[in-house]
Amino acid sequence: YQVQTPMQAAGPLVMLADTHYPRIPVQLQPALLVLSAHHLARFSLVRLFHGVVDQFLAIVGNLTAQRQNDFYNLFLQSLSKSRVKWGESSKVIFSVLSSMESHQAKLWSSTYRLLLNDRHVPMELTIHLRDRMIREGFVPTTAHLQEYVRVFANGGAIQNPERYRQEIAQFMADHPLGQKTADDPTSAFHFLRRLTSDSPQDVTPSVPGPNMTERQWNAAFASAAARHGQVSAASLISSFTKATKTMRMSVYNYTILIRALLLRKQYGLARMYWHRFASMGFVLDPKALSVGLKLFSEMDQPHKAFNLLEVYSGRVNVSLPAQYRLANPVVMNIICMNDLLWSLRYMRRPDAVFLLWDYMTRLYGLYPISSTFSVLLKCVRMTFRLDDTPTGALSQLAFFHRRPQMCKTRDEAVALFKSVLGDNRNPTPEPYKPFSVWKDPAGRARELFWQAMRAHRPHGPDLRLDATLTNVVPSGANCFDYAVVAMLAGRAEELPKILYAMKELGIAPADGMVPLVLTVWHGVCAEHPREGDSPWRMLVDWISDWLGEKALPSLEDMRAWRVKVLQMKGLVPSTWETASRRYSSEREEARFQAMWSRSGRKDEIE
C-alpha cells in the first residue's frame, strides 16, 4: 500500500522484492510475485515484467493443482491492470497463458473479462481466448460477448464471420437478457441482432433528432461529431444549442463538441466553447483536459497549454511535488500526453517536446512509451531545418558556454518552462529558439535510442538506462525514425547496425525501413568505393537472408526513395519530375543501375 508512484514501483518495490524473495517461505513466494506484478502493471512498467514473469513461471509448477489455478488467474489479473498495452505486454500474457495450458489450469470468468476489457487488446489474443473458451467448455456471459463485439468492431473483419453469426443467433434465442436489451440502440446486443438480420441496416442519424432520449442523443451526437467530412460545424453547434434547452450538458458533451470543432479547424469556436465550459464549474477528466491542451497547442499558445496542465495535473506524489490543494488533480495518462506532444510537433515547437520528455515523469508521474519516443525522434528530425539558420549557429555557440542541469525543485522546473515557452499572462508565447533546451538534439536522440535497444538485448541487457526510457519498448517505427535522424546527422554508418540490432531483438522493420537504408548505403558505397566484396552487395545479401527476397525493393522503389531522401535533407522540391530534372544525370543513373544489378536483381532492370 506504500507504492504510490511509478518511481516507487520501479525502484524500491523491485529492490525489496528481489532482496526478500529468496528468504520468505516458499508458500508465500507466488503471492509476493502477484503483488509485484500488480504494482508494475498499475504504472504500465512493461519493461520490468519479464523478471517477475520468469520467476513466477519457474515456481508455479511446484504448487498443488488448486493453488496453481488460483495463482495463475490472480497473476493474469494483475498483469491486465496495465492501462497501456502493446506488443511486448501481449507476449508476456501469451507466455503465461501457454504455461497455464500446459498445467491444465483453467481461466476464471473474471479473468476472461479483464483480459478482454481493454481497448488495446490485440485481435490475436481475443481469438486465442475465444478458442480457449471452446476447449475448456466455458459458456461466455453477456459481458464477454459484448467485449467480443467491441474488439471485432474495432479490429476489422473476423476470420470466420458465419461461425460468429450462428453463435450470436443462438445466443439471442437462448438468453432473455439478450432479447431484452436488443431493442436498445446503444446496447452491443442491438448490434449483435443486426448482424444476424437479413433486413436493411438502420443507420445512426448524421445529426441528432428532436425525439430522442438523452442516451440516444449522446450516441447520435458523438457519431455525427466523428464524421467531420460529412457533418459541418454549423450543424453540430445548431444541434448542441437546441439540446441545451431541454438537456443538461455534461463534461462528456462539451468534450465531444470541442474535439469535433478542432477536427474541423474551427479554432475560434472551439476556444469560445472551451471558455464557456471552463466557466461552468465542471470537474475536468483526463479527456476534457486533453482536449483543452490540444486546443491551446494548435492555436500556437504552448505557454497557456503548459499552464493548464500545471494547474489541473500538479501532483504531490512525484519527485518534484506540487503544493497541496483540496481539489484532486486530474490524473493524466500517457495517451493524453502523447496527444499534446503531437500537437506541439504540429505547431513546430520541438523545444516544448524536449522539456516535457525530460520532466513528465518528475512533474506528472508519466513514463514515455514507444509512441512517445517516436514523437521525440520526429521532433529531433525537425530541428535539422529549424536550427539551420544564422540564429541557430549563434545559439549553439552561446549554449556551448552553459552547462544545463536538471531542476531540483518544481518551482525551478516551472520557471524553466516559462523561460522557454513564455508566461501565461502574456498573450503570445516566446518564439522558438534553437538549442534552447538540448545542446545536441541528434546526439541526445542517439544516446537514448541505443540505450533503449541495449536494455532489451536477449543476452546480457544493459541495466544503465535513462529514467525516461523505463517503459519504452523499441518498435519498428522507433528504428525508422532514428534511422532518418542518423542519416540527417551524417551518421550513415549506423544504419546497417540498426538493422542488425533489430534482427537481434526480433523487431519487424516498418514500411520504408529497408529501402531507406539501401538508398543511403548506396550513396555511401558510391562515395567510398572499395576493392573486393562490395559493402552494398553484402548488405543486400544479408537483408535477403533475414527477410527474404520479397523484402528487397524494386528499382523503381529505389529511384523514388532517392528523391525522398533528398527531400528529407531539404535539397530538392517535393515532386519527382522537378527533382529528376535537377539531380539525375545519365552518368549517375548508369552507376546506380550497375550497382543494383550487381546485387542480383538484374531481372528488375531488364
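The side chains of Glu101 and Arg132 meet in a salt bridge, 3.6 Å from N to O. A salt bridge here is a side-chain nitrogen of Lys or Arg within 4 Å of a carboxyl oxygen of Asp or Glu. Side chains of opposite charge can pair when their charged atoms come close. This is a predicted model: local features need pLDDT of at least 70, side-chain atom pairs count only at pLDDT 80 or more, and totals for chains, interfaces and linings use all residues. Residues are numbered from 1 along each chain as its sequence is written, and side-chain values use heavy atoms, with hydrogens and water left out.

**Salt bridges**

Glu101 sits in helix 5 (residues 87-102) and Arg132 in helix 7 (residues 123-136), 31 residues apart, so the pair links distant parts of the chain. Helices (H or I, at least four residues) and strands (E, at least two) are DSSP runs, numbered from the N terminus. Arg135, in helix 7, also reaches Glu101, in helix 5, across 34 residues. Salt bridges with shared partners join Glu101, Arg132 and Arg135 into one network. The whole structure holds 15 salt bridges. Three of them are tabled here.

| Salt bridge | N to O distance |
|---|---|
| Glu101 and Arg132 | 3.6 Å |
| Arg135 and Glu101 | 2.7 Å |
| Arg425 and Asp423 | 2.9 Å |

How covered are these residues? Buried means under 20% relative accessible area, exposed over 50%, and partly exposed in between (1.4 Å probe, protein chains only). Arg132 is buried at 1%. Glu101 is partly exposed at 33%, and so is Arg135, at 49%. Arg425 is exposed at 74%, whereas Asp423 is buried at 17%.

**The whole chain**

The chain has 31 helices and 0 strands. Of its 606 residues, 48% count as buried. Its accessible surface comes to about 30,500 Å², and 54% of that belongs to carbon and sulfur atoms. Accessible areas come from the Shrake-Rupley method with a 1.4 Å probe; for residues, only the protein chains shown count as cover. A contact means heavy atoms within 4.5 Å. Among contacts with a separation of 6 or more, 69% join residues 24 or more positions apart.

**Aromatic pairs**

Rings of Phe, Tyr and Trp (its six-membered ring) pair if their centres lie within 6.5 Å; planes under 30 degrees apart count as stacked, over 60 as edge-to-face and the rest as tilted. The count comes to 20 aromatic pairs. Phe277 and Phe282 are stacked, 5.5 Å centre to centre with 20 degrees between the planes. Phe277 is buried at 1% relative accessible area, and Phe282 is buried at 17%. Trp450 and Tyr482 are edge-to-face, 6.4 Å centre to centre with 80 degrees between the planes. Trp450 lies in helix 23 (residues 441-454) and Tyr482 in helix 24 (residues 476-488), 32 residues apart. Both Trp450 and Tyr482 are buried. One aromatic cluster includes Trp217, Phe221, Phe240 and Tyr254, along with Phe277 and Phe282.

**Other sites**

Ser374 is in helix 20 (residues 370-386). Ser374 is buried, at 8% relative accessibility. Beyond residues up to four places away in sequence, Ser374 touches Ala477, Asn478 and Asp481.

Leu326 lies in the loop between helix 17 (302-313) and helix 18 (334-346). Leu326 is exposed, with a relative accessible area of 81%.
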